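Please open the structure in your viewer and keep the selection panel at hand.

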Number of protein chains: 2
Amino acid sequence: MSASSTVWQGANRRIHMQEVGLRDGLQMEKAFVPTADKIALCNALSAAGLSKIEVTSFTSPTAIPALKDAEIVMREITRRPGTVYTALVPNLRGAERAIESRTDELNLVMSVSATHNLANLRMTQEQSFTALAQVVALAQGANVAVNVSLSCVFGCPMEGDVAQADVFGWVQRFVDMGVRGITLCDTTGMAYPTQVHQLAAAARARWPGVEFTLHFHNTRGMGLANVLAAIGAGADRFDASLGGLGGCPYAPGASGNVCSEEIVHALGLMGYDTGVDLAQLVAAAQQLPALIGHDIPSQIAKAGPRLTLHPVPADFDAIRERALSR
Amino acid sequence: MSASSTVWQGANRRIHMQEVGLRDGLQMEKAFVPTADKIALCNALSAAGLSKIEVTSFTSPTAIPALKDAEIVMREITRRPGTVYTALVPNLRGAERAIESRTDELNLVMSVSATHNLANLRMTQEQSFTALAQVVALAQGANVAVNVSLSCVFGCPMEGDVAQADVFGWVQRFVDMGVRGITLCDTTGMAYPTQVHQLAAAARARWPGVEFTLHFHNTRGMGLANVLAAIGAGADRFDASLGGLGGCPYAPGASGNVCSEEIVHALGLMGYDTGVDLAQLVAAAQQLPALIGHDIPSQIAKAGPRLTLHPVPADFDAIRERALSR
């Protein structure tokens, strides 16, 4: 699609939905979700037809105890042909663990904001880049795919706007290294549609061979609008989180990632082909409150798809008879 | 704008924001907001620059006690030139009260769904139409403007989809009567962007002389996307509710109207000219929890505009020094 002129008509165009709730969502939760439940949830997401699932994070179990079972989960999930099973990997040790556990793709993270990179990863950007370059080399040697997620692409909650030249400078350095998957992350919900449309179009034009993912948060209510703005610029891969789980510790008041079932619901109504079975996705989301011990932001889990009809009031017949007798 | 190709670039195009929180919002609330507070809130909304404010409802005080002070509020608000002060009017008695109270415009309501009309208004559609026709005649005699809000245009929570021919049939009957303002209401958040874009474009093409307003709820997370789809079809008037107040008793789980400050925030970032001062609007929204006794859905009231920056972590200097010493 060359312009946004037909963004309102999906016309069966394929949009790839990538689930991040098991990692980006659960890592924020206080409750430890039992390993068997994580595996069952991942299997339900696979069955629902997601294109990619970020299964876990191979970080230090003491840093993120919620995901201390990364190896077991990655090894014991049922793998659906057509779904890519990815995992966050912060360093060489994590990469080795991930590869040993048969992870399809390593997802590496650094921030395009120097301040956010230090606050979140406790490294300078150059230190992060050097560490990630080693991971990329290891993955290439092992013939395992790599994706790089760049945080704060649409703004940093501490620094403010980040120049597009800086963002694209980091993209170029990873592309030069042979990385072919880049996620442009709106880490704290600062992205807005005009910016998204412009940046997504520019990135696709400059690197036509790169597979770009857009990762939005709904912090300021612009999540779906940003997805549509990106689609209008030709993007076709989106991260989203079951139930709308997730958030960012450096942005108080921030809500979670865009909600998988909300995006799948909207795009499906608009005629896009996400390949995802909405009913199965909603059923999976509705299991979350019992697993994590609190309500979820998902509006679709709450209200149901748009044609979820409601009964007439109990006294409806009496109302009608009174009206007709006037 | 003839197509949606430039919807992502506002380019200073004028969008009229119409506030419905004082009526559609407060009528749902259990707490009675003191009359002086309602007046102060309306004055704050006027000062913020909204194009139209639905101030109250001239319904029976026993039916909607939350708005039993309609006359006093309408008479005592400060009127800003450029803002239209409208009020909901269900019948002739209400119209007389509204006109006596110097209401600029009478807003009449009926549903394009027969079931919803009976359940909500306790009349058949023909009974509603006959009653509203009398109100229109009265208003025309008194030289007071009339707007007709049609509920369930994008679907009925009890019936499901409503045929566009039925919707347009009702629009035509009111247009034939001389009505020049029509609000197309997505009463329970069933609208989706493809449908909105198509229907808004068709309505504008068929009745170029009619001032159409679009009224969305965010029940399924599609509120802003629907606003943009309507703008893409040339619409330029939107109802929204301060704080995102409101709802519908016939749609359990439904959230409120689209949130005024979320829409103004997004459209402002996109380069549209809403004429609204966001800071004043957010300040008004932040008064709501104290007035109504509970939190509000507004994500902007919670997270702030996108460039609301946050401090670095307290131990940031130590983090940086440790990083740099490596």
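How many salt bridges does the rule find across the interface of chain B and chain A? The rule finds 4 salt bridges there; the coordinates shown are those of a predicted model.

**The interface as a whole.** Select both chains, and then the residues of each that touch the other. On the side of chain B, 66 residues are in contact with 66 residues of chain A. About 5400 Å² is buried between chain B and chain A, and carbon and sulfur atoms give 62% of this area. Next, display the side chains of Trp8(B), Arg220(B) and Arg306(B): within chain B, these lose the most area to chain A, and together they make up 17% of what that side buries.

**Polar links between the chains.** Select Asp161(B) and Arg306(A). These two residues form a salt bridge, with 2.7 Å between the closest N and O atoms. Across the interface of chain B and chain A, 22 residue pairs are found in polar contact, both residues being at pLDDT 80 or more.

Now colour chain B by helix. Two or more residues on the side that touches chain A are given by each of α5, α8 (193–206), α9 (223–232), α10 (260–269), α13 (299–303) and α14 (316–324) of chain B. The largest share comes from α14(B), with 6 residues. By residue class, the side of chain B that touches chain A divides into 35 nonpolar, 21 polar and 10 charged residues.

Show the side chains at the crossing: Phe316(A), Ile319(A), Arg320(A) and Ala323(A) of α14(A) meet Thr115(B), Leu118(B) and Ala119(B) of α5(B). The residues of this contact comprise 5 nonpolar, 1 polar and 1 charged.

**A salt bridge within chain A.** Over all chains, a search of the whole structure finds 24 salt bridges. For one within chain A, select Glu71(A) and Arg97(A), whose side chains meet at 2.6 Å, N to O. Glu71(A) lies in helix α3 (residues 70–76) and Arg97(A) in helix α4 (residues 92–100), so placed that the pair, 26 residues apart, links distant parts of the chain.

Note on methods: Residues numbered from 1 in each chain as written. Chains lettered and ligands numbered in written order. Predicted model: local features only at pLDDT ≥ 70, side-chain atom pairs only at ≥ 80, totals over all residues. Heavy atoms only, no water. Contact = heavy atoms within 4.5 Å. Helix = DSSP H or I, 4+ residues; strand = E, 2+ residues; numbered from the N terminus. Nonpolar A, V, L, I, M, F, W, Y, C, P; charged D, E, K, R; others polar. Buried area = accessible area lost by both parts, 1.4 Å probe. Polar contact = N/O pair within 3.5 Å; in protein donor to acceptor, adjacent residues only side chain to side chain.
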